[in-house]
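Dear colleague,

I am passing on the structure below, and my notes on how its chains meet follow it. Please read them alongside the coordinates.

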Amino acid sequence: MLFRLANPQRFFAVARYVQPVAAVLALAAFAYGLWQALIVSPADYQQGETVRIMYIHVPAAWLALGIYSSMALAAVCSLIWRHMLADIYCRTAAPIGLLMTALCLVTGSLWGKPMWGTYWVWDARLTSVFVLLLLYMGYTALVRAYQQPWQGERAGAWLLVAGVINIPIIRYSVEWWTTLHQPASVIRAGGPAIDSSMMTPLLVMGLAYLCGYIALVLPRLRLTWEARKALLKDLRIA
Amino acid sequence: MTHDDFIIAAYAAAAIVWLGLLIDTVLRVWKARARG
């Protein structure tokens, strides 16, 4: 499947159908998820109404981690097969991943102040997510630091592969160290620890974030691809 | 700030990010189409 889609023509032909479906799904999931998150789901017995921040914070964290993991996988493909589409994907996905990480940190801080009494602590979970933000910023700066874009993408691919060590650190930080951040409550051994009245809006918002990402990254990917083809054509003429 | 203020601020941040990304993507596509 992955190898079949490695053909850019085939990939963009499939993307032409996937993008509108993802856009419609994202709109529907955002509408239903926000209604569930803000109106239907109950207040938490400890957190009160502030628990509603979780429905936009947790999906942002999932997406930030998911985008980085997909970029690292694409970077490996780029380093092994020198595949231009993989490089273009990393370049296109990075700003969205950076924004999702920033959103995760901002919404987490806005939840932390009323719950913990502080916007920020340097505990293992918060610090490792902050490192993820730095990795996204570093990659974005690095790919723009070279005269030819593919040189920057080559260096960026190595950074992405090296930085992937941070993903399990983020995931297990709440188990390996004593943190102010609560332990995993959705993806954990023994099943989710969240009631279904809160799990439903959380999963629907997670689907909305994922579909929203797919709907936005595909047209941006195509534009970057077309720009790169034009640049290569100009270089051949020159 | 009340708890409601924190909730509003968090949802406003999410709206800014998602609408910003959507508008930026639409503008990029329009500019590319205008260039041909």
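**The interface between chains A and B**

In this model, 30 residues of chain A are in contact with 18 residues of chain B, contact meaning heavy atoms within 4.5 Å. The model is predicted, so that local features need pLDDT of at least 70 and side-chain atom pairs count only at pLDDT 80 or more, while totals for chains, interfaces and linings use all residues. Residues are numbered from 1 along each chain as its sequence is written, chains are lettered from A and ligands numbered from 1 in the order in which they are written, and side-chain values use heavy atoms, with hydrogens and water left out.

Together the two chains bury about 2,000 Å², 82% of it on carbon and sulfur atoms (accessible area, 1.4 Å probe, lost on putting the two parts together and summed over both). Of the area that chain A buries against chain B, 28% comes from Leu216(A), Arg220(A) and Leu223(A), more than from any other three residues.

Between the chains the count is one salt bridge (a side-chain nitrogen of Lys or Arg within 4 Å of a carboxyl oxygen of Asp or Glu), in which the side chains of Arg220(A) and Asp24(B) meet at 2.9 Å, N to O.

The axes of α2 (residues 54–81) of chain A and α1 (residues 3–35) of chain B come within 9 Å and cross at roughly 40 degrees; helices here are DSSP runs of H or I, at least four residues, numbered from the N terminus, and axes are lines fitted to C-alpha atoms over the stretch in contact, with angles running from 0 to 180 degrees between N-to-C directions. This contact is made by Tyr55(A), Ile56(A) and Leu63(A) on one side and Ala10(B), Tyr11(B), Ala14(B) and Trp18(B) on the other.

Best regards

Conventions:
Helix = DSSP H or I, 4+ residues; strand = E, 2+ residues; numbered from the N terminus.
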